[in-house]
Amino acid sequence: MLKFVGKRILWLVPVILGVTFFVFTIMYFTPGDPVKIMLGANATEEQIEQKTEELGLDDPFFVRFGNYCEDVFLHFDFGESYQTSQSVTDQIVARFPYTFRIALFSVILATIVGIPVGVIAATHQYSWKDNLSMFGSLFCVSMPNFWFALILVMIFCQKLGWLPSSGISSWKCYILPVVSCAIGGAASIARQTRSSMLEVIRQDYITTARAKGQKESKVIYGHALKNALIPIIQTVGNMFGGSLGGALIAETIFSIPGMGVYLMNGISQRDYPVVQGGVIFIALCFCLCMLLVDLVFAFVDPRIRSQYKSAKNKVKRKEA
């Protein structure tokens with residue numbers, strides 16, 4: 001098992017380096033001069049050249065990339081924002097918890113809603129329950145998140161006045177952003193659960209379990225759902241990783257100072273350290289999320305554990 005974890009961790013190194021190189025290259029060739037945006041239209045050529053040299057933007061590509069990798073991976077420093085002169089690392093640490101809460105709660109809500117809906121649809125195939133569940137799932141997947149978020153604001157904030165429309169002053173401020181982010185994920189999880197369950201419930205061991213007189217609930221949730229979890233876990237993991245970088249719409253509509261808004265402002269202002277630091281940090285979080293998914297795979301699926309146990313036993317037999 002430790003070998004399995006070690007291999008997954010080693011794979012993170014080239015992935016993060018590749019993301020760093022890719023993002024740095026895109027920002028390097030992106031049109032627009034961040035120095036002119038910083039100094040304004042009235043800046044002289046001497047001031048622009050002095051600021052460019054001060055920021056190191058006149059160095060060759062590989063020199064800048066090497067210096068940036070040294071700061072990030074050796075000193076854990078993403079640099080300072082060109083616009084605010086604030087530490088990007090400090091800003092990420094301050095803003096990431098808001099994005100993380102939205103992503104975590106939305107995934108939990110989507111899982112709680114999506115899995116039962118998918119199970120009901122699979123166990124009542126071609127019935128009105130199945131048709132209604134899949135129609136609702138297709139509608140939710142196709143529905144734009146920003147439109148649904150605006151509808152929630154109009155109903156629960158403006159009409160009913162039950163929930164706040166912006167800010168992060170209390171736990172109530174997270175309800176609408178979480179619901180707006182979870183609706184599409186719940187639909188995807190429901191569709192994946194239905195597909196996986198339909199493959200499993202046709203297997204012979206499910207028929208055998210029913211023939212032994214076991215309760216239907218135990219057959220469905222104790223045998224069928226347990227063996228259908230692998231693709232469902234993959235869907236949930238991808239949703240959580242995507243939510244870390246995809247909460248921009250919810251953060252913008254509900255005025256939440258998270259990572260999405262921070263990155264969007266950095267892109268519009270050509271703030272290279274903000275964009276590069278934010279993307280690399282989110283990529284690292286996504287990789288860790290996928291590592292956690294792989295560990296859950298190994299816990300749920302005994303075939304993965306047996307592969308490494310059998311390999312370990314072979315090594316012991318050779319040594320003997």
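These legends accompany several close-up views of one predicted model. Local features are described only where pLDDT is at least 70, and side-chain atom pairs count only at pLDDT 80 or more, while totals for chains, interfaces and linings use all residues. Residues are numbered from 1 along each chain as its sequence is written, and side-chain values use heavy atoms, with hydrogens and water left out.

**View 1. Two domains of the chain.** Here we start with the division into domain 1 (8-77) and domain 2 (92-304), with bounds from an automatic or database domain assignment. Their C-alpha centres lie 34 Å apart. Contact (heavy atoms within 4.5 Å) involves 18 residues of domain 1 and 14 residues of domain 2.

**View 2. The interface between domain 1 and domain 2.** About 1,500 Å² is buried between the two domains, 77% of it on carbon and sulfur atoms; buried area is the accessible area (1.4 Å probe) that two parts lose on being put together, summed over both. On the domain 1 side, the elements giving two or more residues are α1 (2-29), α2 (34-39) and α4 (61-73), and α1 gives the most, with ten residues. Helices here are DSSP runs (H or I, at least four residues), and strands are E runs of at least two, numbered from the N terminus. By class, this side of domain 1 has 13 nonpolar, three polar and two charged residues; Ala, Val, Leu, Ile, Met, Phe, Trp, Tyr, Cys and Pro count as nonpolar, Asp, Glu, Lys and Arg as charged, and the others, Gly among them, as polar.

**View 3. A salt bridge between Asp130 and Arg194.** A salt bridge is a side-chain nitrogen of Lys or Arg within 4 Å of a carboxyl oxygen of Asp or Glu, and the count by this rule is one. Asp130 pairs with Arg194, with the closest N and O atoms 2.7 Å apart. The two partners come from distant parts of the chain, 64 residues apart: Asp130 sits in helix α6 (residues 128-142) and Arg194 in helix α8 (residues 175-200).

**View 4. The surroundings of Phe281.** Take a look at Phe281, found in helix α14 (residues 272-300). Neighbours within four places in sequence aside, Phe281 is in contact with Ile92 and Phe96. The C-alpha atoms of Phe281 and Thr89 are separated by 9.4 Å, although these residues are 192 residues apart along the chain.

**View 5. Two annotated spans.** The unreviewed UniProt entry annotates "transmembrane region" at several spans, including residues 9-29 and 102-122; such annotations may be inferred rather than shown by experiment. Residues 9-29 are 100% helix and 0% strand, with end C-alpha atoms 31 Å apart. Residues 102-122 are likewise 100% helix and 0% strand, and their end C-alpha atoms are 29 Å apart.
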